[in-house]
Amino acid sequence: ASMAIARIDAEEDLPKAQAACGTLPLWVVYPKGKTAQFGDTAIRTALREAGWRDTKSCAVSDRLTATRYNRV
């Protein structure tokens, strides 16, 4: 595989996704907007602290968005 994709709905989903992808780039798909329980800011903060950088983002649907992260 050349990348991994993970749907993140809650905080506990993120470490599982990180472990599963190893060193591959990781696309994180998650709910967007202020009503998201674990959304963009929390995901970005957690992944940056773990040595990842966001490199691309895109809309998935009216309820979901995605961001690609690469290990630094």
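Residues are classed as buried under 20% relative accessible area, as exposed over 50%, and as partly exposed in between, with a 1.4 Å probe and protein chains only. The model is predicted, so local features need pLDDT of at least 70 and side-chain atom pairs count only at pLDDT 80 or more, while totals for chains, interfaces and linings use all residues. Residues are numbered from 1 along each chain as its sequence is written, and side-chain values use heavy atoms, with hydrogens and water left out.

The protein chain holds two helices and four strands. Helices (H or I, at least four residues) and strands (E, at least two) are DSSP runs, numbered from the N terminus. Read from the N terminus, the order of elements is β-α-β-α-β-β. The radius of gyration is 11 Å, close to the 11 Å that the globule rule gives for 72 residues, so the chain is as compact as a globular protein of that length. This radius is taken over C-alpha atoms, and the globule rule is 2.2 Å times the number of residues to the power 0.38. The C-alpha trace spans about 30 × 20 × 20 Å along its principal axes.

Of the 72 residues, 33% count as buried. The accessible surface of the chain comes to about 4,500 Å². Carbon and sulfur atoms account for 51% of that surface. Accessible areas come from the Shrake-Rupley method with a 1.4 Å probe; for residues, only the protein chains shown count as cover. Contacts (heavy atoms within 4.5 Å) were also sorted by sequence separation. Among those between residues at least 6 apart in sequence, 49% join residues at least 24 apart.

Helix α1 covers residues 13-21. Its buried residues are Leu14, Ala17, Gln18 and Cys21. They lie on the same side of α1, because they cover an arc of only 100 degrees around the axis. The arc is that of the directions from the helix axis to the C-beta atoms. Lys16, Ala19 and Ala20 are exposed, on the face turned away from the buried side. The buried residues of α1 pack against both strands and a helix: β1 (4-7), β2 (26-31), α2 (40-49), β3 (52-59) and β4 (64-71). Gly22 follows α1 and has a positive phi, near 65 degrees.

Gln18 lies in helix α1. Its relative accessible area is 17%, and Gln18 is therefore buried. Neighbours within four places in sequence aside, Gln18 is in contact with Leu47, Ala50, Trp52 and Arg71.

Strand pairing was examined next. Two strands pair if DSSP finds at least two bridges between them. β2 and β4 pair in the antiparallel sense, over six bridges. Within this pairing, Tyr30 has Thr65 in β4 as its bridge partner. β3 and β4 also run antiparallel, joined by seven bridges. A hairpin of four residues connects β3 to β4. In β4, Arg68 is the bridge partner of Lys56, and Ala66 is that of Cys58.

Four salt bridges are found in a search of the whole structure. A salt bridge is a side-chain nitrogen of Lys or Arg within 4 Å of a carboxyl oxygen of Asp or Glu. One of them joins Arg7 to Asp9, with the closest N and O atoms 3.0 Å apart. Arg7 counts as partly exposed, at 47% relative accessibility. Asp9 counts as partly exposed too, at 37%.

Asp40, Arg44, Arg48 and Asp54 are linked in a network of salt bridges. Arg44 bridges to Asp40, the closest N and O atoms being 2.8 Å apart. Both residues lie in helix α2, four residues apart, about one turn of the helix. Arg44 is partly exposed at 23% relative accessibility, and Asp40 is partly exposed at 29%. The side chains of Arg48 and Asp54 meet in a salt bridge of 2.9 Å, N to O. Arg48 counts as partly exposed because its relative accessibility is 38%. Asp54, at 26% relative accessibility, likewise counts as partly exposed.
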